[in-house]
Amino acid sequence: MNIAVHPRVEQGIGAFDGGKITEQKPIGFSGEGSAVQRIGPLFYWAWAKAKEEGYIDSHPHQAFEILTYVINGQAHHGDSLGTKSVVGAGGAQLIQAGSGVYHNERLVGPDCELFQIWFEPSIREALRRAPAYEQHEHEEFPVVEKDGVLVKTVIGEGAPLQLVADARMWDIRLAPGAVYERTVEKNRTVSGLAIRGSGTCVGETGRSADFQQTDFIVIQADASESLAIKSTADEPLWLTIVEVPTEVDYPLYPKR
């Protein structure tokens, strides 16, 4: 098992609305400074923040499936399909851009934080589909809590969001000293972004790595292998993890 930890200095940065919105980018666009350019169909991952409020004017998208997951505050959305919506903390918006759609977005605080994550289906096939939008609030997602570990499924079994791209996503919170365990399957890569707290990733073969808040962790196994994520003994840990295939059987959009 390979475990790579990318601190904030190895992630890209961005800004909108005169700096009212700032972004940390574990996976950015070409030239933005992100050490990780993509992971299979996981094309882009930005952690956006607005102290009070920030606005991104109408702009186009095609083909990609664009997930906005709200950590704190509100995400306001409008698009060329006629949608006007607001989603609160723990909620999600999904744009399946298909043949093309325009949208605008507003982050409303105080201290708004959200992830915007792009997943790439087969672009050739996606361009033949009509664009679509859906949203779900926190209460609509399944949550399981056991032994100090709370796991919320954002994309995957039981979750209301269904993507074309092969992807799964969980929002995970660990009490101090708690352990989250899972299996990393062959040809699957698990990536995680530490929102709050710190911890350690430990593979079945003994490979381990420490991480802290804002670090981006990328985990890949040559064969199916168990993984344990442990929070530190003196503080809770909050992280979001995404699992995708390491490779897909269709051409991917070139980023360079």
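With which residue does Glu 243 form a salt bridge, and how far apart are the closest N and O atoms? I found that Glu 243 pairs with Arg 182, the closest N and O atoms being 2.4 Å apart, where a salt bridge is a side-chain nitrogen of Lys or Arg within 4 Å of a carboxyl oxygen of Asp or Glu. The two partners come from distant parts of the chain, Glu 243 from strand E20 (residues 237-245) and Arg 182 from strand E14 (residues 179-184), 61 residues apart; strands are DSSP runs of at least two residues, numbered from the N terminus.

Before going on I noted that this is a predicted model, in which local features need pLDDT of at least 70 and side-chain atom pairs count only at pLDDT 80 or more, while totals for chains, interfaces and linings use all residues. I also noted that residues are numbered from 1 along each chain as its sequence is written, and that side-chain values use heavy atoms, with hydrogens and water left out.

Salt bridges that share partners join Asp 166, Arg 168, Arg 182, Arg 188 and Glu 243 into one network. I recorded both Glu 243 and Arg 188 as buried, that is, under 20% relative accessible area, with exposed meaning over 50% and partly exposed in between (1.4 Å probe, protein chains only).

Next I looked at Arg 196, which forms a salt bridge with Glu 113 at 2.6 Å between the closest N and O atoms, and this pair links strand E15 to strand E9 across 83 residues. Arg 196 counts as partly exposed because its relative accessibility is 30%, whereas Glu 113, at 9%, counts as buried.

I turned to His 136 in strand E10 (residues 132-136), which counts as buried because its relative accessibility is 12%. Its side chain makes polar contacts with the side chains of Glu 134 (2.7 Å) and Glu 140 (2.8 Å); such a contact is a pair of N or O atoms within 3.5 Å, where, within protein, one must be able to donate a hydrogen and the other to accept it, and residues adjacent in sequence count only if both atoms are side-chain atoms.

Last, I checked Ser 198, in the loop between strand E15 (188-196) and strand E16 (199-203), and found its side chain in a polar contact with the side chain of Glu 235 (2.9 Å).

Key. Helix = DSSP H or I, 4+ residues; strand = E, 2+ residues; numbered from the N terminus.
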